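Keep the structure open as you read.

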Amino acid sequence: MLSKHLIKDWQLLSPAGRVLVINGFTFNLGFYMLLPYLADHLQHNLGISGWYVGVIIGLRVLSQQGMFLVGGTLGDRLGYKRLILLGCAVRIIGFTLLGVGQTIPILILGAFFSGFAGALFTPSSQAYLASEYPEQKARDKVFALQSLTSEAGMLLGPLVGLSLLYVDFALVGVVSAGLFTLLLIIQWRFLPELESQKNTTHAHSKFWKQWGQMLSNKSFMRFILCASVYQLLFHQLYIAVPHEIRVVTQDVSIITWVFATSSIMGVLMQMPVSRFVESRLGTARGIGLGMAIMGSSYLWLNLSLQWLPALPFIICAVFFSLGSMLVFPLLGAYVPKFCSAKELGSHYGLYSCVGGLYAFIGNISTGWLLSSTNINHSWIWSGLAGFGILSGVLLFLQVTSHIKNKNIAFSS
């Protein structure tokens with residue numbers, strides 16, 4: 001039944017939609033082949049000090065998250081296809097340098113290129129996909145399909161990277177870069193330029209005026225300030241959960257089970273969950289409930305089981321994945337409600353940029369709280385749950401009001 005629906009959904013995609021959905025898989029496959037093992041390679045294979053490792057890893061994150069708005073705005077002006085292709089080309093350079101680089105300057109350059117590449121192609125890829133499917137139900141479905149393929153890439157990437165590590169880390173970098181080379185060729189050949197972006201390179205207002213208009217759009221800013229809590233909650237899987245696993249169980253292999261559980265659920269259940277949202281819940285309840293479930297999933301970490309210490313972390317991953325499957329495609333598909341088709345890139349860029357800021361602040365805050373000996377960790381899990389529930393309630397109220405106002409305007 002699952003494969004039948006999946007094939008049906010795939011057949012409904014346009015040629016450009018299929019290329020962009022494949023993007024989600026290939027981007028994550030290449031990314032997660034290399035990044036999970038980069039810090040260990042820098043520290044143990046190359047003997048780089050922990051401070052420099054932090055600088056290299058942090059620069060990659062900063063050059064991506066901090067430049068999303070720039071990448072999205074460039075996509076609006078130069079064309080989404082051009083920025084997607086440019087992003088692939090820059091990541092080829094970045095991953096090659098990270099794979100074969102032996103000195104700190106080369107590795108810093110590779111980290112910057114790798115991150116900046118994501119800032120170039122991610123907002124344009126989302127904006128192109130949203131432009132291709134202007135009708136809301138179709139857009140929700142195709143964003144869910146892209147989420148599924150992204151989860152598949154996230155699941156397979158570390159496994160492929162681990163197998164290549166037995167040969168050499170340089171091979172991981174070269175193969176990752178090779179995947180983006182293949183993707184660059186496929187998109188250059190099969191991804192058409194949007195009709196709405198042809199011959200419109202100079203038809204835009206000055207970018208700072210556009211940014212000012214976005215920032216003064218109270219409805220859009222309220223949406224992204226609440227929706228970006230998703231990134232705060234999501235990135236705790238990389239900071240808070242592994243830390244707690246080491247403290248409670250001293251068995252780091254459980255981290256692998258947590259990520260595998262999350263990815264497998266995403267691959268198997270994303271489309272059924274999205275169909276349930278479409279038929280039963282609707283966008284407002286799907287977003288609100290999904291965010292609340294994501295936040296509340298961390299409460300399971302208060303549970304302590306001596307006979308099976310891994311179980312609370314697995315249950316946390318199950319509920320976290322369920323909430324993410326509900327909310328993530330809906331958030332991405334809802335951004336176009338706040339702008340015209342010609343401004344999608346910059347709006348997705350600001351949306352991603354604020355999400356990156358939330359993730360950065362959240363990582364620093366939870367890292368500091370977890371390292372403190374005076375703070376009971378149950379307060380941290382309760383705080384994350386509170387953020388998720390509050391965000392879910394506010395998003396539910398805002399989306400409900402937004403949809404109601406749109407319906408009133410349409411009927412009148």
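## The second largest pocket

In this predicted model, the second largest pocket has a volume of about 480 Å³. Its lining is made up of 25 residues. If you want to find the centre, look for Gln-136, Lys-137, Asp-140, Gly-282 and Thr-283, which lie nearest to it.

Which elements give two or more residues to this lining? They are α7 (136-165), α13 (253-281), α14 (283-296), α15 (311-334) and α17 (377-411).

Now for the cavities. The count comes to three of 30 Å³ or more, and the largest cavity holds about 90 Å³ of space. Its lining includes Glu-151 and Met-154, then Phe-234, Leu-237 and Tyr-238. Phe-259, Ser-262 and Gly-266 also line the largest cavity, as do Phe-320, Ser-321, Ser-324 and Met-325.

By class, the lining of the largest cavity divides into seven nonpolar, four polar and one charged.

## α2 against α3

Time to look at helix packing. Helix α2 (residues 15-45) and helix α3 (residues 50-65) have axes that come within 8 Å and cross at roughly 160°. Because of that angle, α2 is roughly antiparallel to α3. The crossing of α2 past α3 is right-handed.

On the α2 side, the contact is made by Phe-31, Leu-35, Leu-38, Ala-39, Leu-42 and Gln-43. From α3 come Gly-50, Val-53, Ile-56, Ile-57 and Arg-60. Split by class, the contact of α2 with α3 has eight nonpolar, two polar and one charged residues.

## α6 and its two partners

Helix α6 (residues 104-132) turns up in two pairs here, with α7 and with helix α16 (residues 344-371). Take α7 to begin with: α6 and α7 pack at an angle of about 145°, and their axes are 10 Å apart. α6 passes α7 in a right-handed crossing. Ser-125, Gln-126, Leu-129 and Ala-130 of α6 meet Arg-139, Val-142, Phe-143 and Gln-146 of α7. By class, this contact of α6 with α7 has four nonpolar, three polar and one charged residues.

What about α16, and at what angle does its axis cross that of α6? The two axes come within 8 Å and cross at roughly 130°, which means that α6 is oblique to α16. This crossing, too, is right-handed: α6 passes α16 that way. The α6 residues in the contact are Pro-123, Gln-126, Ala-127, Ala-130 and Ser-131, while α16 brings Leu-344, Gly-345, Tyr-348, Gly-349 and Ser-352. The contact of α6 with α16 has five nonpolar, five polar and no charged residues.

Notes. Residues are numbered from 1 along each chain as its sequence is written. This is a predicted model: local features need pLDDT of at least 70, side-chain atom pairs count only at pLDDT 80 or more; totals for chains, interfaces and linings use all residues. Side-chain values use heavy atoms; hydrogens and water are left out. On a 1 Å grid over the protein atoms alone, a cavity is a set of points where a 1.4 Å probe fits but cannot get out, and a pocket is an open set with protein on both sides within 12 Å along at least five of seven lines; lining residues have an atom within 4 Å of a point. Grid points are joined across faces, edges and corners, and a volume is the space filled by probe spheres set on the points. Helices (H or I, at least four residues) and strands (E, at least two) are DSSP runs, numbered from the N terminus. Axes are lines fitted to C-alpha atoms, for helices over the stretch in contact, and angles run from 0 to 180 degrees between N-to-C directions. Angles under 35 degrees count as roughly parallel, over 145 as roughly antiparallel, 65 to 115 as roughly perpendicular and the rest as oblique. A crossing is left-handed if the near helix is turned anticlockwise from the far one by less than a right angle, and right-handed if clockwise. Contact means heavy atoms within 4.5 Å. Ala, Val, Leu, Ile, Met, Phe, Trp, Tyr, Cys and Pro count as nonpolar, Asp, Glu, Lys and Arg as charged, and the others, Gly among them, as polar.
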